[in-house]
Amino acid sequence: MLKGISKAFAGVVDRIASTQLSADESERILSDFYYQLVASDVAVETAEVVVANLREGLQSVKVPRFSSNREAVKDFLKKALEQLIKTADVEQIVKRAEEKKKQGRPVVILFVGPNGSGKTTTVVKIASYLRRRGYTVILASSDTFRAGAIEQLEILGSKAGFLVVSQHYGADPASVAFDAVNKAVAMRVNFVLIDTAGRTEVDRGLLEEMRKIKRVVNPDYVIYTGDALAGNVAVNQARMFHEVVGLDFVVLAKFDADAKGGSTISISHATNVPLLFLGTGQSLEDLDDNPRRRILETLSLG
Ligand SMILES: Nc1nc2c(ncn2[C@@H]2O[C@H](COP(=O)(O)OP(=O)(O)O)[C@@H](O)[C@H]2O)c(=O)[nH]1
Ligand SMILES: [Mg+2]
């Protein structure tokens, strides 16, 4: 997990702690560190901020030899990441549910993201999370496009005990979502989670469809599910989705399978959209609501 960036972080700490730090030498170490981060798919602007923070930290320490300052270097890195990784507090969503409950309305969440990123799995994971928090949830199968998508959500969702609202393939996704919201109002359900078909940057038709769902159901939140393994591609796609539909939160799935790790520290910084959850495995409980802590712990900086 995050082996690429873990190695880069551990390596720079070791080198600084075991070297006579002339100005030249520390620049060389910082430059190597920068390239290691970029090679692990850290977005360029994010890698620049991490390195600039470390450089500034090093300048504030007078001792030329750093062996006793291992912890100080780790601390500079930790502070840099704490600043970079923007997260959102789930309590904000819970609070919204309480407000809407008084109006007899559900909180509507629209899930978007590229194909195969983990959307459908994440929808059911978040539904289970919200149920554990004491809320009722129904799911809308608005991926009426990809073969097998309706059955996938129906099987996964109903196995977990959720009502799944669906129509037939080729049906209007906005109409499925609208149906689900009406059912939720009638049944006084707290949340409607809308699963959609994967979108890619070139697929204007699907992007338009996503905008239509948004117009029709007016969601409280739009959540982007990205695939951590996709690295910079996931970050760039998130930017594109943010421009086209507007995102409130990012969930990064497959954290557990990501060997490089770059997207986990870049995505919220590069898109300016906060991370809400990390998907940490294939089972329904594998969802972490404290992404920053999880990332720092995995990098042994926590
Ligand atoms: N290891 C791991 N696999 C995941 C995670 N989230 C989803 N997956 C897997 O990724 C694949 C695609 O997921 P799916 O939900 O169908 O993606 P969608 O096309 O965006 O709806 C499936 O095999 C999931 O089991 C995760 O957090 N960790
Ligand atoms: Mg899906």
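Biologist: Which residue has a polar backbone atom 3.2 Å from an oxygen atom of ligand 1?

Modeller: In this predicted model, a polar contact requires a pair of N or O atoms within 3.5 Å. An oxygen atom of ligand 1 and a polar backbone atom meet this limit at 3.2 Å, and the residue is Gly 281.

Biologist: How much of the 580 Å² that ligand 1 exposes when taken alone does the protein bury?

Modeller: The space that ligand 1 takes is the largest pocket. Of the 580 Å² exposed by ligand 1 alone, the protein buries 81%.

Biologist: What is the distance from the polar side-chain atom of Thr 120 to an oxygen atom of ligand 1?

Modeller: Lys 254 places a backbone N or O atom 3.0 Å from an oxygen atom of ligand 1. Thr 120 contributes a polar side-chain atom instead, and its distance from a ligand 1 oxygen atom is 2.8 Å.

Biologist: Which helix supplies the largest share of the shell around ligand 1?

Modeller: Ligand 1 is surrounded by 17 residues, with Lys 119 and Thr 121 among the closest. The shell comprises two nonpolar, 11 polar and four charged residues. Its largest share is four residues, from the helix spanning residues 119-132, namely α6.

Biologist: What radius of gyration does the protein chain have?

Modeller: The chain comprises 12 helices and eight strands. For 302 residues the globule rule gives 19 Å, and the chain's value is close to this, so the chain is as compact as a globular protein of that length; its radius of gyration is 21 Å.

Definitions and conventions: Residues are numbered from 1 along each chain as its sequence is written. Chains are lettered from A and ligands numbered from 1 in the order in which they are written. This is a predicted model: local features need pLDDT of at least 70, side-chain atom pairs count only at pLDDT 80 or more; totals for chains, interfaces and linings use all residues. Side-chain values use heavy atoms; hydrogens and water are left out. A residue is near a molecule or strand if one of its heavy atoms lies within 4 Å of it. A polar contact is a pair of N or O atoms within 3.5 Å; within protein, one must be able to donate a hydrogen and the other to accept it, and residues adjacent in sequence count only if both atoms are side-chain atoms. Accessible areas come from the Shrake-Rupley method with a 1.4 Å probe; for residues, only the protein chains shown count as cover. On a 1 Å grid over the protein atoms alone, a cavity is a set of points where a 1.4 Å probe fits but cannot get out, and a pocket is an open set with protein on both sides within 12 Å along at least five of seven lines; lining residues have an atom within 4 Å of a point. A molecule sits in a cavity or pocket if more than half of its atoms lie within 2 Å of its grid points. Helices (H or I, at least four residues) and strands (E, at least two) are DSSP runs, numbered from the N terminus. Ala, Val, Leu, Ile, Met, Phe, Trp, Tyr, Cys and Pro count as nonpolar, Asp, Glu, Lys and Arg as charged, and the others, Gly among them, as polar. The radius of gyration is taken over C-alpha atoms; the globule rule is 2.2 Å times the number of residues to the power 0.38.
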